[in-house]
Structures are given as C-alpha cells and as structure tokens.
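Please walk through this structure step by step. Keep the 3D view open and find each residue as it comes up.

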Amino acid sequence: MTSRFAVSRLIETMHALWLLSGRYEAGVHRPWVERHRPAYERLLARLPALGALVPLFRRGEYNADFIAPPPAGVNVAFDDELAVMRATPLAQAREEIARNLHGGPAPSPEALAVLDRPDIVQLLADVLRATWEEILAPGWPRFQAILERDVAYRAGRLAAYGWAAALDDLDPRVRWCAADGPGHIAVRMEAAGKDERHRLGGRGLLLVPTVFGPGVGAYLEDAWPYALVYQARGIAAEHAAPRGLTRLIGATRTAILLRLPATTTQLAALLDMSVGGTGDHVAALREAGLITGTRVGRSVLYHRTPLGDALSEGA
C-alpha cells in the first residue's frame with residue numbers, strides 16, 4: 001500500500017495565518033489567536049507580501065497549492081518543505097494565483113502589484129518563514145505531539161481494520177465506499193460544483209492531519225502528490241477538561257486520559273511537563289486499569305481500556 005500519513009510544518013503555518021488574518025473563524029483556537037495577534041500585526045507591517053497573501057485565503061474555494069505543497073513524510077524539516085515551495089516555476093505560481101482569485105473579491109491595487117512581481121514565490125516564502133520562526137516554532141513540540149498522536153491512532157486503525165475504520169471518525173464529509181467494486185474514498189467538498197473522480201494510479205494518497213485547519217481539504221493537482229488534509233483528533237480536549245472527571249482523578253490525569261492514544265513523550269509535550277512527571281501519572285492510570293500500553297518501535301503507545309473509555313465518554 002503506497003498511501004501514507006504525513007505531518008507538515010508548512011501547512012500548519014499557512015493554516016495559522018488563515019486564523020490570524022481573520023479570514024477563518026478561530027473557534028477553539030481563539031485564545032491562541034488573541035495571544036499571537038500582536039506578532040501577526042508586526043509581521044503585517046514589516047512584510048507587504050503578507051498583506052498580498054491574505055486575499056488568497058478563500059473558504060470553500062480553490063487555494064493556490066504551491067504556497068504550502070504536501071510534505072514527503074511525517075518529520076520533514078521546515079526548511080526542506082520551504083525549499084519545495086521556493087522551487088515552484090513562476091508560470092505555475094501565476095496560474096494558481098489567477099485561479100485562486102477568479103470569481104472572488106478583487107484584492108487592493110497594492111496587493112495585486114505584489115502578486116504580479118516576478119519574485120512573488122520568494123516573497124511569499126519569506127512570509128511563511130517569518131511566520132514559522134516568530135509565531136509557530138516556539139510552540140511546535142505541542143502541535144507536533146497532537147499531529148503525531150493522530151497519525152499513530154489512524155495508521156493503527158488502517159493497518160488493523162482497513163480503510164473504513166481509519167476514515168470512520170475522520171470527518172462527516174469523508175467516507176469509505178466499497179459497494180461498487182474494490183472500494184474508494186468519497187469526499188464532499190464545499191466548493192465542488194460537480195462530481196470528480198481521481199485515480200491514484202499507484203501513487204497512493206497522502207493523509208495530513210492539521211491542528212489549525214478548518215476542515216477537510218485536498219490536493220488534486222498532478223504537480224503535487226494527491227493529499228487529503230483533515231482536522232486531527234482531540235483538538236477540543238486541548239482547551240478544556242470536564243469538571244466531574246477532574247474532581248475524580250485530578251486535572252493532570254484527566255488531561256492525559258483525554259489525549260490518548262499517545263506516548264509519554266508526546267503527552268509531556270502536550271501538557272508542558274517533564275517526561276518523568278508525566279510517566280508517574282501514566283503509571284498510576286495504568287495501575288488503576290484505565291489505560292494500557294503497546295510497544296511501537298522504541299516507544300510505548302498508551303491508549304484507554306474499556307473502563308477508561310467509559311469514564312471519558314461519560315465526561
């Protein structure tokens with residue numbers, strides 16, 4: 001099977017800009033957006049290309065793929081992803097920008113002048129680099145843990161039970177259809193005006209979870225790997241914990257229980273705790289029969305037992 005999962009620092013940077021710019025509702029990320037809005041405003045004042053990039057963020061419509069192309073794997077360095085973006089031919093960038101803007105509100109003359117520059121690819125790459133370094137990178141270990149936790153969960157479901165199980169709780173707009181042959185993935189897109197079928201032709205599908213992305217998105221251009229972007233599991237659990245369960249087992253252990261499956265290292269990053277301190281809480285939950293662990297490579301992936309599930313679902 002050539003389909004695989006990937007984590008993209010560059011795609012997360014673009015999605016963070018969608019929220020910081022106000023083009024998409026912040027939702028559960030509102031506290032994070034409000035905390036980082038001043039840094040975004042400073043970037044906006046310093047980098048005119050950021051103001052030209054914002055009109056390209058269109059909900060439910062085509063967004064230029066070259067700005068954040070699909071990654072090659074789970075742990076691709078930001079510089080390596082950005083190098084792929086920087087290598088985009090100018091003609092391709094211009095075609096994608098024109099398609100992106102078609103049918104939407106006209107950008108300001110100043111933004112159009114920037115988008116028409118011959119070095120537009122490099123200008124936008126500089127914007128993404130500055131956003132990554134000044135806003136995303138300091139908190140990346142926590143975001144990476146959320147994304148890798150989702151990959152571990154969904155890849156395990158895919159390997160053990162197949163596509164139907166892997167896609168079951170991914171998004172209501174995504175489902176596995178197997179009634180009319182070998183099976184295919186059906187995706188309902190907001191902007192789709194007609195049904196389209198895309199054959200992978202042995203290329204496989206890249207599945208990319210996102211923390212900041214607003215929902216399901218797809219890369220379906222031949223210039224890039226075919227990819228499906230979707231919201232990672234458990235994002236809401238990063239912002240609140242149910243009071244009843246917290247009173248029963250404590251805030252930290254509740255937070256751990258609601259963030260599984262995950263490794264101790266991932267949990268430590270998510271909760272901003274030491275690995276040793278996190279391990280003590282994990283051991284207590286394991287002794288109480290609420291979680292169990294499975295070795296995956298050099299790490300142990302913890303997940304809830306039926307008793308842990310019952311407590312979490314009740315919460």
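**A tour of the fold**

At 4% relative accessibility, tryptophan 140 is buried. The cut-off for that word is under 20% relative accessible area. This is a predicted model, so each value here is computed from predicted atoms.

Tryptophan 140 has a ring partner. The structure holds eight aromatic pairs. In one of them, tryptophan 132 faces tryptophan 140, with ring centres 5.5 Å apart and planes at 65°. Planes over 60 degrees apart count as edge-to-face, so this pair is edge-to-face. Tryptophan 132 is buried too, because its relative accessibility is 11%.

Now go to phenylalanine 143 and phenylalanine 212. Their ring centres lie 5.1 Å apart. Their planes stand at 70°, so this pair is also edge-to-face. Where do the two residues sit in the chain? Phenylalanine 143 belongs to helix α8, residues 140-161. Phenylalanine 212 is in the loop between β4 (206-210) and β5 (217-219). The pair therefore ties together parts that are 69 residues apart in sequence.

Ring pairs link Trp18, Tyr24 and Phe57. Arginine 99 lies over the face of tyrosine 62, at 3.9 Å from the ring centre. Arginine 233 does this with tyrosine 153, at 3.7 Å from the ring centre.

Next, find threonine 13. It lies in helix α1, which covers residues 9-20. Its relative accessibility is 0%, so threonine 13 counts as buried. What does threonine 13 touch, leaving aside its neighbours within four places in sequence? Its contacts are Phe78, Leu128, Thr131, Trp132 and Leu136.

Two packed helices are described by the angle between their axes and the distance between the axes. Helix α4 spans residues 78-86, and helix α7 spans residues 120-136. Their axes come within 10 Å and cross at roughly 160°. Angles over 145 degrees count as roughly antiparallel, so α4 and α7 are roughly antiparallel to each other. Their crossing is right-handed. On the α4 side, the contact is made by Phe78, Asp79, Leu82, Met85 and Arg86. On the α7 side, the residues include Val121, Leu124, Leu128 and Trp132. Phe78, Leu128 and Trp132 are also among the contacts of threonine 13.

Helix α12 (residues 264-271) and helix α13 (residues 275-287) pack at an angle of about 110°, with their axes 9 Å apart. That angle makes α12 roughly perpendicular to α13. α12 passes α13 in a right-handed crossing. Thr264, Leu267 and Ala268 of α12 make the contact with Val275, Thr278, Gly279 and Val282 of α13.

Finally, step back to the whole protein. There are 14 helices and eight strands. Of the 315 residues, 46% count as buried. How much of the contact pattern comes from residues 24 or more positions apart? They account for 63% of the contacts with a separation of 6 or more.

Key:
Residues are numbered from 1 along each chain as its sequence is written. This is a predicted model: local features need pLDDT of at least 70, side-chain atom pairs count only at pLDDT 80 or more; totals for chains, interfaces and linings use all residues. Side-chain values use heavy atoms; hydrogens and water are left out. Rings of Phe, Tyr and Trp (its six-membered ring) pair if their centres lie within 6.5 Å; planes under 30 degrees apart count as stacked, over 60 as edge-to-face and the rest as tilted. Buried means under 20% relative accessible area, exposed over 50%, partly exposed in between (1.4 Å probe, protein chains only). Helices (H or I, at least four residues) and strands (E, at least two) are DSSP runs, numbered from the N terminus. A charge sits over a ring if NZ of Lys or CZ of Arg is within 6 Å of the ring centre and within 35 degrees of the ring normal. Contact means heavy atoms within 4.5 Å. Axes are lines fitted to C-alpha atoms, for helices over the stretch in contact, and angles run from 0 to 180 degrees between N-to-C directions. Angles under 35 degrees count as roughly parallel, over 145 as roughly antiparallel, 65 to 115 as roughly perpendicular and the rest as oblique. A crossing is left-handed if the near helix is turned anticlockwise from the far one by less than a right angle, and right-handed if clockwise.
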